[in-house]
Amino acid sequence: MSSSAAGESVAFDRIAESYDATRGGVERGRRLAGVLAEFLPADGPLLEIGVGTGLVAAGLAELGRPPVGVDLSLPMLAVARERIPGRLAAGDAMRLPVGTASVGAVCMIHVLHLVAGIPGALAEVARVLRPGGVLVATAFLKSPVHDDVHDELDRINEQFGVTSRPDDPDLVRELAAAAGFRFLGRREEPGRPVTPANAADSIERRQMAWTWSIDDDLWAREMPAALARIRALPDQDRVRPGPGPSVLAFTHP
């Protein structure tokens, strides 16, 4: 689901305090860090764009690859400061506060669908990478999952005019190639567990970025009935498997 307006990247200020609890926490960060480490060079400056609360950055630090983190959200950076103190800066993926050809590798985890424009963000990555540097990014292919929860979520997306996400893996590969990147490899990651109860709670609390673009009047008028449909589903606490991200790796000459 697309979450960025034209010309504007999305900041997560409003959910900084609840982000870790709703995105898999430290263990998910460690797991993703292990996947990234398979593609990253063994040394050289490492930059994470969209570092958020530092979950993945902390996992990389544990593996001996501490990154410098950049994020648009000051409240998110305040949380990250507890995990990777002294290695953070405020900045937009479209205008990085980083010197040209100054880093050996860049990570962008759950970020591409939130930037103002993927081509512009990739151009910035190409600018800051050293020759032969590596970009590792997640992209999201919406799998044709057909169960009661995902069918209701698709119905809500259609009802509220939520468009498809812009970070389809094949599209990201095309855009990366156009920006001069060469594809290195791809890994598929599992999705987060979804139950009717946690899906409804997450939407009601507007914890997901796609909910922030919905007009408040429309939300008040139509969302209660939509949430009631999810809460009426059977087995409210039974996990339904969902689609996960693809981890894509590229190099830039």
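Biologist: Is F250 buried or exposed?
Modeller: In this predicted model, F250 has a relative accessible area of 2%, so F250 is buried, the cut-off being under 20%.

Biologist: And how many aromatic pairs does the structure hold?
Modeller: There are 4 aromatic pairs in the structure. In one of them, the ring centres of F181 and F250 lie 6.2 Å apart with the planes at 70°. That pair is edge-to-face, because an angle over 60 degrees counts as such.

Biologist: Where do F181 and F250 sit in the chain?
Modeller: F181 belongs to the loop between α7 and β6 (182-188), and F250 to strand β7. The two are 69 residues apart, and their pair links distant parts of the chain. F181 is buried as well, at 6% relative accessibility.

Biologist: What about the rings of F183 and F250?
Modeller: Those two rings are also paired, with centres 5.7 Å apart and planes at 65°, so this pair is edge-to-face. F183 is in strand β6 and F250 in strand β7, 67 residues apart. F183 is partly exposed, with a relative accessible area of 27%.

Biologist: Which residue lies over the face of F183?
Modeller: R173 does, at 3.6 Å from the ring centre. Elsewhere, R206 lies over the face of W219, at 4.0 Å from the ring centre.

Biologist: Which residues do ring pairs link into a cluster?
Modeller: The cluster consists of F12, Y19 and W212.

Biologist: What is I49 in contact with, leaving aside neighbours within four places in sequence?
Modeller: I49 is in contact with V70, A93, L96, V106, C107, M108, I109, V111 and V125.

Biologist: One last topic: where is P234?
Modeller: P234 is placed in the loop between α9 (216-231) and β7 (245-252).

Biologist: Which residues does P234 touch, not counting those up to four places away in sequence?
Modeller: P234 touches D148, P196 and R240. Between P234 and D148 there are 86 residues of sequence separation, while their C-alpha to C-alpha distance is 8.8 Å.

Technical notes
Residues numbered from 1 in each chain as written. Predicted model: local features only at pLDDT ≥ 70, side-chain atom pairs only at ≥ 80, totals over all residues. Heavy atoms only, no water. Helix = DSSP H or I, 4+ residues; strand = E, 2+ residues; numbered from the N terminus. Contact = heavy atoms within 4.5 Å. Phe/Tyr/Trp six-rings, centres within 6.5 Å; stacked < 30°, edge-to-face > 60°. Buried < 20%, exposed > 50% of the residue type's maximum accessible area, 1.4 Å probe, protein only. Lys NZ or Arg CZ within 6 Å of the ring centre and 35° of its normal.
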